Amino acid sequence: MSAPHIKRIAILPFGMVNCHLIMQGRNCILVDTGLPGSEAKIARALRHHGLSYADIRLIVITHAHVDHAGSAAGLRQLSGAPVVAHAGDLDYYQQKKPMQFCATGWFGRLFLRTGLILQPYTAFTPDILLQGDEQLDLADYGFAGKLKPTPGHTAGSLSVQLASSDAMVGDLLASGILLGGLLRTGHAMRPPFEDDAHAVAAELQHLLDSGASKFYMGHGGPLPATEVQAHIHNLRSLPE
């Protein structure tokens, strides 16, 4: 099985909000769906690579924040592809209760006050719902790799780890200043919100130990393993 190609879809400029396509031939997996109303941007990205909605085999939602799950319901309807997510965030996908946000600094606190992260999106129930430590083998979708629970950013956070050593980790980490890539684009940072920094450090270390060497994320990136290792050290130095 040849190595897949990974392409970033910029939902907002400067890498501020990203989705990713994992492509191999005419098969692709969509990792995250952007803000509500992102369907047209994703369609344009697919066309740019000679693909269409019909070529999406699986839609992965890394966690329930609106900038990752906002267009999941619409893209499932347009593509017919199943949506996979983790049960830890199910109540938020179904819009049964509002999410709680633990800001990591001044930008997170300011961003929360704008209300943008709190906007609702069309509720949905994932077609494939991972439970606990359950993983999903991506071989059934034409790719060598696994979808793994990696809690810490939220209880239901997921990451894709491919046999090619590429990993798509949602918001386990970010890069750049001000939510993305305006400055210091090669420098790992905490995202604006994070439930448990030490849990995030542990999950990132597990990914590194199991062979991940290039990390793609929802805000900024990608980052090499050396930068991720330095970020883990910084997270572990934080008080519990």
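Leaving aside neighbours within four places in sequence, which residues is His 65 in contact with? This is a predicted model, so take the answer as a property of that model. The list is Gly 70, Met 99, Phe 101, Ile 117, Tyr 121, His 153, Thr 154, Asp 171 and Phe 193.

As for where His 65 sits, it is in the loop between strand 4, residues 56–60, and helix 2, residues 66–69. His 65 counts as buried because its relative accessible area is 3%, under the 20% cut-off. One of its contacts is polar: the His 65 side chain meets the side chain of His 153 at 3.4 Å.

Both of these histidines also line the largest cavity. That cavity has a volume of about 60 Å³, and its lining includes Asp 67, Ile 117, Asp 171 and Phe 193 as well. By class, the lining comprises six nonpolar, three polar and two charged residues.

The whole-structure search gives two cavities of 30 Å³ or more. Strand 2, residues 17–24, contributes most to its lining, with three residues. Here the classes are six nonpolar, four polar and one charged.

Back to strand 4, which pairs with strand 5 in the parallel sense over two bridges. Val 60 stands opposite Val 84 in strand 5. On its other pairing, strand 5 runs parallel to strand 6, residues 128–130, over three bridges, with Ala 85 opposite Leu 129.

In a regular strand, side chains alternate between the two faces of the sheet. In strand 5, Val 83 and Ala 85 are on one side, Val 84 and His 86 on the other, and all four are buried.

Notes: Residues numbered from 1 in each chain as written. Predicted model: local features only at pLDDT ≥ 70, side-chain atom pairs only at ≥ 80, totals over all residues. Heavy atoms only, no water. Buried < 20%, exposed > 50% of the residue type's maximum accessible area, 1.4 Å probe, protein only. Polar contact = N/O pair within 3.5 Å; in protein donor to acceptor, adjacent residues only side chain to side chain. Contact = heavy atoms within 4.5 Å. Pairing = 2+ DSSP bridges. 1 Å grid on protein atoms, 1.4 Å probe; cavity = no way out; pocket = protein on both sides within 12 Å on 5 of 7 lines; lining within 4 Å. Points joined across faces, edges and corners; volume = space filled by probe spheres on them. Nonpolar A, V, L, I, M, F, W, Y, C, P; charged D, E, K, R; others polar.
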